[in-house]
Amino acid sequence: GGLQGPLTVPSLQDWEQRQEEDTLLIERILLLVRNVLHVPPDPAEEQGVDGDASVHDRVLWALHISGMDDLLKFLASAQAEQQWALHVLEIISLMFRDQNPEELALLGQGQAAAEHGEDTRELEVLRQRELAEKRARALQRPSRHSRFVGSYVLQGLKAIGDRDVVFHKGLHNLKSYSHDLGKEPQRVPRRRQA
């Protein structure tokens, strides 16, 4: 019998629930992808304009569009799927076959440096804005002062024993000074009030 209907990829079930035929089908698909990527480039066949995507690049784009690259990333990182690790490693190696490692590293650094520079600029703008808001709040609120604002001797105002009064509040409170300052007013019962 031939194939009936379209070929479907089995869902990646837990490995305990997979049947032997599912495992074989997954392995065959991985081998097919590896073999397609393994085909060497033919310069005579691929004579195109500079900047045209090569056949290899178009295959990689088709793998990306189909979601196969995400599946490969899952297979490479899942603990339970370690049996496919060598197949996935070989496929990834073939994906980067025509790439120069130095150029790939520089490309990643260029993007990272650009993103880092942009992030740094954004952080600096946010920091300047925060400092400006902090300054504005500091100008709006009254200045802080300590509880101990000093002691002053009021000459000419006598306290007990012919000494000058020692004033323990700030000088701005001097206008409201009286000898009864700080004393609790004596309560008079209602019936004795005038």
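The legends below describe an overview and two close-up views of a predicted model.

**Figure 1. Overall architecture of the predicted protein.** The protein contains five helices and two strands. Along the sequence, these elements follow the pattern α-α-α-α-α-β-β. Of the 194 residues in the protein, 15% are buried. The protein exposes about 16,900 Å², and carbon and sulfur atoms supply 54% of this area. Among contacts with a separation of 6 or more, 40% involve residues 24 or more positions apart.

**Figure 2. Packing of helix α1 against helix α2.** Helix α1 comprises residues 20–38 and helix α2 comprises residues 55–66. Their axes lie 10 Å apart, and the two helices pack at an angle of about 155°. Angles over 145 degrees count as roughly antiparallel, and α1 and α2 are therefore roughly antiparallel to each other. From α1, the residues V33, V36 and L37 meet H56, V59, L60 and L63 of α2. By class, this contact of α1 with α2 has six nonpolar residues, one polar residue and no charged residues.

**Figure 3. Crossing of helix α3 and helix α4.** Helix α3 is formed by residues 68–77, and helix α4 by residues 85–95. The axes of the two helices come within 10 Å and cross at roughly 135°. This angle makes α3 oblique to α4. The crossing of α3 and α4 is left-handed. On the α3 side, the contact is made by L72, L75 and A76, and on the α4 side by V88, I91 and M95. The residues of this contact of α3 with α4 comprise six nonpolar, no polar and no charged.

Notes
Residues numbered from 1 in each chain as written. Predicted model: local features only at pLDDT ≥ 70, side-chain atom pairs only at ≥ 80, totals over all residues. Heavy atoms only, no water. Axes fitted to C-alpha atoms, helices over the stretch in contact; angles between N-to-C directions. Helix = DSSP H or I, 4+ residues; strand = E, 2+ residues; numbered from the N terminus. Parallel < 35°, antiparallel > 145°, perpendicular 65-115°, else oblique. Left-handed = near helix turned anticlockwise from the far one by under 90°. Contact = heavy atoms within 4.5 Å. Nonpolar A, V, L, I, M, F, W, Y, C, P; charged D, E, K, R; others polar. Buried < 20%, exposed > 50% of the residue type's maximum accessible area, 1.4 Å probe, protein only. Areas by Shrake-Rupley, 256 points an atom, 1.4 Å probe, with all protein chains shown as cover.
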